Amino acid sequence: MASRSLRPADYVIYAVLLFGVLIMLLPFVWMVSTSLKTGEATFVTPPQLIPASPTTANFERAFGAVPMGKFLVNSIFVSVTSTVLMVLNCAMAGYAFARIKFPGRDILFYAYLATLMIPQQVTLVPLFVLMTWLDWGNTYQALILPSSFGAFGTFLLRQFYLRLPREVEEAAFMDGAGYVRIFFTIGLQLARPALATLAVFAFLASWNSFLWPLIITSNQAMMTLPVGLSFLNGRYTTDWSVLMAGAVIGTVPIIAVYVFAQKFIIQGLATTGLK
Amino acid sequence: MDGVTGRGKYVALAVLLLPSLAGMSLFYILPVISSFVLSFSKWDLLTPVQWIGIGNYVAAVQDPTVQQALRNTLFFIAGYLPAVVAIGLGLALLLNHKLPGRTIFRAIYFVPVVTSWVAVSLVWKWLLNPQYGLINFGLSLLGIKGPGWLFDPNWAMPGVILTTVWKDIGFVAVIYLAGLQEIPENLGEAADIDGASAWQRFWTITWPMLAPTTFFVTTISLISSFQVFDQVFIMTGGGPVGATTTMVQLIYKNAFSYSQMGYASAISWILFALIFAITLAQNLLQKRLDRSNG
């Protein structure tokens, strides 16, 4: 990019952008600041942005009040597992839809696409009934499996394989390999960019998912972070320093992931139009 | 490649497609069908199912809480949609200037998008606290006495709207940035030569060229407006006096607090019908626009 000297108008743009950044970051600063305050310091006017006597007691209280460590482990386990399963299931199905001709293929694919029209809330009641019948309430499989399949990812991967030239695979076919072996040895490798986009989308969706985990978990030991924080919110309604400590614990892991994968996450979400 | 014989092909299908097919059937297709069937029933999970025809739909249309939820949603849309589109677009236009550091700005504006709704709602509930919150303190510096926000039936929804706009503008800006990148640069240069002002250039070139992006942003924002749940659940629980109750909250309450599975299913299908109607209207409108443009 050719560097050019800044015009007066550019300073105005910078000023507006900086003001906006302040608005975007202030809530996070306020969250961290409150989480480090003593109970009394929370209710001081004018509010202190930097706590006079910072303390980590709120984090200890949050971990003592609810199994915060367990929430964290559950969230990580559920998000990672469902992301891996989602990517694998969608890649396999997408590959099959793109490469294998079989009767009824198009109708089946349209049935997949039709599910994209239906909001998630429509399936809540039957899904809950199903899980009750299976006796899967408060289990990992109930948290993981419903977000391990999806029409969107299948569609994404099908389109990817349709655009992919078949030459590499043809050579393997000549050597006598079948679809399954070709998919696992060549197909998965070639689809890495599309798989990464899907993984980002699936991970964020699962990590931030709230309504389904809220419905299916009542046992604290099985709650994910968002549900656990909501539980904390119900119990410590006005104890802001503890609630903000909880919010910090809920925010730091995803921001850490974001810092490392920032460019990638933004691109993935911009191209798929999902958040 | 189509030379693979019948049997090998079906073995491959069983391995590659069957897991997905089983999952999609069990967790999407079957529940969708069941939900539709259930919407014509009265069922509390304990006693046998009673079939009551369109009774749930009739009841829902007359239900004051459903009517209130719909009014609340319209209020939400009226505040949220123009704000998120205007600010998101404005931000995208600023970020589209090739200034040093713009990727850092873009990254910061996007942070709330990846943060969970529950954490964001907790923080904003605290920011909006009437007595000790940062927002009313800021207003008091300007000589304004801040409202009761989430405790005041008139101000609770504006508080929820403010929070949602703050969380979503980074997302809208990134979508608009992608749209701006597709506008050929020479269009703007030609207008420059003609002596057009930045303002004229925006309304005659940029805004019309962004029409597909605006359609997309409007559609997904409208759809998500009908699906608001997380922030309301944490910030207000739907109150005060129902001022922030939403459709999804009614589904949740009827199903999991009152055990009215059939009624909750019916409300979810009304939600589907509303979302479907919006998508359809947007599509028709876009087609007409495309035709009139060319």
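Okay, one definition before anything else: a residue is buried if 20 or more other C-beta atoms lie within 10 Å of its own, exposed if 12 or fewer, and partly exposed in between, with C-beta atoms placed from the backbone. With that in hand, buried residues make up 40% of the 294 residues in chain B. In chain A, 43% of the 275 residues count as buried.

Some ground rules. What you see is a predicted model, where local features need pLDDT of at least 70 and side-chain atom pairs count only at pLDDT 80 or more, while totals for chains, interfaces and linings use all residues. Residues are numbered from 1 along each chain as its sequence is written, and chains are lettered from A and ligands numbered from 1 in the order in which they are written.

Let's look at chain A. It has 14 helices and zero strands; helices (H or I, at least four residues) and strands (E, at least two) are DSSP runs, numbered from the N terminus. How spread out is chain A? Its radius of gyration is 24 Å, while a compact globule of 275 residues would be near 19 Å. That radius is taken over C-alpha atoms, and the globule rule is 2.2 Å times the number of residues to the power 0.38. Along the principal axes, the C-alpha atoms of chain A fill a box of roughly 75 × 65 × 35 Å.

On to contacts: two residues are in contact if their C-beta atoms, placed from the backbone, lie within 7 Å. Take the contacts in chain A between residues at least 6 apart in sequence: 75% of them join residues at least 24 apart.

UniProt, in an unreviewed entry, places the feature "transmembrane region" at several stretches of chain A, including 140-161 and 182-204. Bear in mind that UniProt positions are given in the numbering used here, feature names are shortened, and annotations may be inferred rather than shown by experiment. In the model, residues 140-161 of chain A are 73% helix and 0% strand, with end C-alpha atoms 32 Å apart. Residues 182-204 of chain A are 96% helix and 0% strand, and there the ends are 30 Å apart.

Is Leu156(A) buried or exposed? It counts as buried, because it has 21 C-beta neighbours inside 10 Å. Leaving aside neighbours within four places in sequence, Leu156(A) is in contact with Ala194(A) and Leu198(A). Ala91(A) is 65 residues from Leu156(A) in sequence, but C-alpha to C-alpha the two are 8.8 Å apart.

Now chain B. Here we find 14 helices and two strands. The radius of gyration of chain B is 24 Å, well over the 19 Å that the globule rule gives for 294 residues, so chain B is more spread out than a compact globule. Its C-alpha box is roughly 75 × 70 × 35 Å along the principal axes.

The unreviewed UniProt entry puts "transmembrane region" on chain B too, with 209-229 and 266-285 among the stretches. Residues 266-285 of chain B are 100% helix, and their end C-alpha atoms are 29 Å apart. For residues 209-229 of chain B, helix covers 81% and the ends are 34 Å apart.

Nine residues from domain 1 of chain B and eight from domain 2 of chain B make the contact. On the domain 1 side, α2(B) gives the largest share, three residues.

So how do the chains meet? How many residues does each chain put into the contact? It's 78 from chain A and 73 from chain B. Helix α14 (residues 240-272) of chain A gives the largest share of the chain A side, 14 residues. By class, that side of chain A has 55 nonpolar, 17 polar and six charged residues. Here Ala, Val, Leu, Ile, Met, Phe, Trp, Tyr, Cys and Pro count as nonpolar, Asp, Glu, Lys and Arg as charged, and the others, Gly among them, as polar.

Last stop, the largest nonpolar core. A nonpolar core is a set of buried Ala, Val, Leu, Ile, Met, Phe, Trp, Tyr and Cys residues joined through C-beta atoms within 7 Å. This one has 149 residues, and Val123(B), Ala173(B) and Ile267(B) touch the most other members. Helix α8 (residues 156-181) of chain B gives the largest share of this core, 13 residues. Both domains of chain B give residues to this core, so it lies between them. Val123(B) reaches across to chain A as well, touching Pro27(A), Trp30(A), Met31(A) and Ala247(A), not counting residues up to four places away in sequence.

Methods
Domain bounds come from an automatic or database domain assignment.
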